[in-house]
Amino acid sequence: MDIFLIVFLVVQVLIITLAVTTGFAYLTWYERRLLARFQNRVGPNRAGPLGLLQPVADAVKLFFKEDVIPTASDKVVYLLAPVLAVMTAIVIWAVIPFGCFNLNGDHTACFDPARRDEVWNALQVAEVNIGILFILAVTSIGVYGITLAGWASNSKYAMLGGIRASAQLISYELAFGMAVLSVVMFGGTLSTWEIVLAQEGLWFFFPLILGFLLFMISATAELVRTPFDLVEAEQELTSGYNTEYGSMKFALFFMSEYIKMIAMSAIATTLFLGGWRFPGLETLGDGVAALAGPWPAAIIVGLVSLGSFLLKVAMFLFMLVWLRASWPRMRYDQLMQFGWKSLLPLAILNLVMIPVVVVLVPDNRYIQTAILFVLGIAAIFGAARIGGRGRVKSKVELVQPVAEGKQASAASSAPASQQTSGVAS
Amino acid sequence: MDLVVQIMFGVTGLLILGAAFMVVSVRNIIHAALWLITCFFGIAMLYLLLQAEFLAIVQILLYIGAVAVLVLFAVMLTRQIDDPDEPVLFQRWRSTLLITAILFAAVLVPTIYNHNWLIFADPQPAFAGPRELGFAFMNAYLLPFQIAAVLLLAALVGAIIIAMEDQEQRRVRVLTLAEEVALRGEREPSPPTRPANPQPASSSSNPTPPPAPEQAGEGA
């Protein structure tokens with residue numbers, strides 16, 4: 001029995017790793033198609049129906065490229081860096097519950113925190129009592145891949161990208177951790193499983209709206225995606241830390257970035273949108289159990305919960321792509337100012353607000369939620385007012401008045417739009 | 001199962017000792033930092049073997065995720081400081097070794113042998129969990145906890161004061177070349193402020209300070 005459990009675990013891990021890697025491949029397709037839509041293009045549509053074989057073609061191309069190691073690089077660290085990056089991206093998945101398929105054949109145990117021992121969940125690898133801390137620890141190790149890649153390449157561009165990356169990740173990790181802590185405070189547990197169960201009837205999105213906003217901003221910064229992607233700003237750093245990487249090693253960095261993107265979406269789903277929960281899921285399980293017995297009910301609950309989880313993750317991924325399509329890149333000083341002067345004070349305010357409300361207001365989740373929701377919205381708008389004050393409003397004039405005949409010719413030679421740097425903010 | 005745990009303990013111990021040795025013996029300072037991280041990982045594994053998952057994860061979160069990242073970051077910002085000609089060993093290493101060996105034998109070994117280690121025969125899951133640790137910090141050990149917090153705050157304030165620039169000398173933005181020239185022009189009568197400015201041998205016969213635009217070019 002012991003050996004069987006170990007084999008089962010290994011198979012589970014293999015399946016999740018493969019699924020996540022496939023998810024990465026298709027996320028690139030999803031992103032490229034969506035970006036094309038946003039920019040009024042078509043996007044990859046040649047390989048297979050709707051371009052669905054494009055990721056396969058890309059993978060084959062990357063596999064057959066020449067594997068180059070720069071002579072001036074530090075070889076061991078150079079090879080270690082992409083491995084570290086991918087490893088941390090995949091390990092996060094260990095504690096995330098994708099759903100609840102109870103292999104003991106009893107779906108009701110899925111919804112009861114007290115009956116944790118009766119659940120043998122096929123859709124979660126490890127249920128540890130410190131799952132949230134595990135996620136924080138693993139994301140904090142993720143910096144190494146990027147930093148070491150920048151250093152080991154022995155190239156100025158890569159080095160600058162690596163230094164920028166580590167400064168950015170260290171700065172935003174604080175706000176990220178505090179946003180996650182707000183969930184821990186409100187849910188009263190560090191286990192991902194119990195956090196999902198604690199969101200019965202009330203997703204944490206509503207009481208923790210400020211925490212959710214902080215989480216999404218700092219998660220985007222942790223993922224080094226637009227508007228925080230100055231780590232790999234093509235125009236100034238060629239491609240940042242992975243400039244000297246080619247072939248499959250570059251693909252590994254690419255992969256770690258997209259797997260982290262899916263993982264962040266999954267974490268956001270678990271923490272704020274009720275994880276695999278879906279309204280009416282328990283009723284559905286009860287109904288199927290009454291009609292067809294406990295086993296079909298367990299299977300149906302497993303499938304529906306997995307589906308709802310994936311749906312929510314896909315929604316977050318869509319939001320991330322949307323963000324990339326519509327936001328310009330921040331400047332480095334703006335990034336640091338925003339992280340330390342805006343995001344961190346808000347995160348601290350959030351951490352003070354939640355325990356005060358939870359302790360002062362009598363034991364009613366809905367009253368607490370209402371107060372916290374109002375306070376959170378007020379804090380967001382207040383911060384926007386304070387942050388927006390004193391900023392130079394940029395004057396963007398796309399069309400020059402035609403009346404001045406002299407200036408019309410001058411305007412045609414020089415660009416009429418006078419964009420100041422304030423636009424990027 | 002017990003044998004497996006013992007083998008893992010041995011391997012982890014060897015890993016920690018080996019990594020610690022590499023930290024002090026490797027020439028490349030980034031490699032030394034990496035070995036330090038390996039050493040931290042080994043210690044986290046030891047905590048896991050002791051069934052203190054919380055401590056293990058906190059070890060990774062704080063030491064590997066924060067402290068070592070900052071070490072690496074600081075090392076990357078400095079110039080290449082590993083000089084291959086410089087000996088790794090300190091000159092009087094024999095006497096140092098003797099003193100540390102005597103101290104180890106006189107202080108640490110008796111302590112380790114005489115201490116009553118709290119090792120439970122069977123697993124005690126709730127011993128070092130987050131809930132228990134939180135209660136301990138907020139009840140029994142409240143005073144040490146708060147004193148440590150004040151100490152850290154003092155260190156934080158000290159770091160800020162050291163890093164804080166003089167308000168007058170602070171530059172809001174990078175100056176343009178023309179502004180730089182104008183700024184240097186104002187200070188022209190005073191001798192060049194940079195004493196470390198190396199004078200090329202050819203211009204050593206010329207006692208006048210280098211022309212202002214050249215300096216401005218360096219500054220900008």
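A salt bridge here is a side-chain nitrogen of Lys or Arg within 4 Å of a carboxyl oxygen of Asp or Glu. I note at the start that this is a predicted model.

**Entry: salt bridges**

I searched the whole structure and found 5 salt bridges over all chains. I looked up one of the pairs, Arg225(A) with Glu31(A), whose side chains meet at 2.7 Å, N to O. I then checked where the two residues sit. Glu31(A) belongs to helix H1 (residues 2-38) of chain A, while Arg225(A) is in the loop between helix H8 (209-222) and helix H9 (234-237) of that chain, so the pair ties together parts 194 residues apart in sequence.

**Entry: chain A against chain B**

I asked how many salt bridges the rule finds across the interface of chain A and chain B. The count is 0. For polar contact I got 3 residue pairs across this interface, with both residues at pLDDT 80 or more.

Next I listed the elements on the side of chain A that touches chain B. Helix H4 (131-141), helix H5 (143-152) and helix H6 (156-187) of chain A are those that give two or more residues. By class, I have 16 nonpolar, 5 polar and 2 charged residues on that side.

I also noted the extent of the contact: 23 residues come from chain A and 23 residues from chain B. The area buried between the two chains is about 2,000 Å², and carbon and sulfur atoms give 81% of it. In chain A, the residues that lose the most area to chain B are Ile130(A), Tyr144(A) and Trp151(A), together 28% of what that side buries.

**Entry: two helices of chain B**

I looked at how helix H2 (residues 29-49) and helix H3 (residues 53-77) of chain B pack. Their axes are 8 Å apart, at an angle of about 175 degrees. An angle over 145 degrees counts as roughly antiparallel, so I record H2(B) as roughly antiparallel to H3(B).

I then wrote down which residues meet. From H2(B) they include Ile37(B), Phe40(B), Phe41(B) and Tyr47(B); from H3(B), among them are Glu53(B), Gln59(B), Tyr63(B) and Met76(B). I sorted the residues of this contact by class and got 20 nonpolar, 1 polar and 1 charged.

Definitions and conventions: Residues numbered from 1 in each chain as written. Chains lettered and ligands numbered in written order. Predicted model: local features only at pLDDT ≥ 70, side-chain atom pairs only at ≥ 80, totals over all residues. Heavy atoms only, no water. Contact = heavy atoms within 4.5 Å. Buried area = accessible area lost by both parts, 1.4 Å probe. Polar contact = N/O pair within 3.5 Å; in protein donor to acceptor, adjacent residues only side chain to side chain. Helix = DSSP H or I, 4+ residues; strand = E, 2+ residues; numbered from the N terminus. Nonpolar A, V, L, I, M, F, W, Y, C, P; charged D, E, K, R; others polar. Axes fitted to C-alpha atoms, helices over the stretch in contact; angles between N-to-C directions. Parallel < 35°, antiparallel > 145°, perpendicular 65-115°, else oblique.
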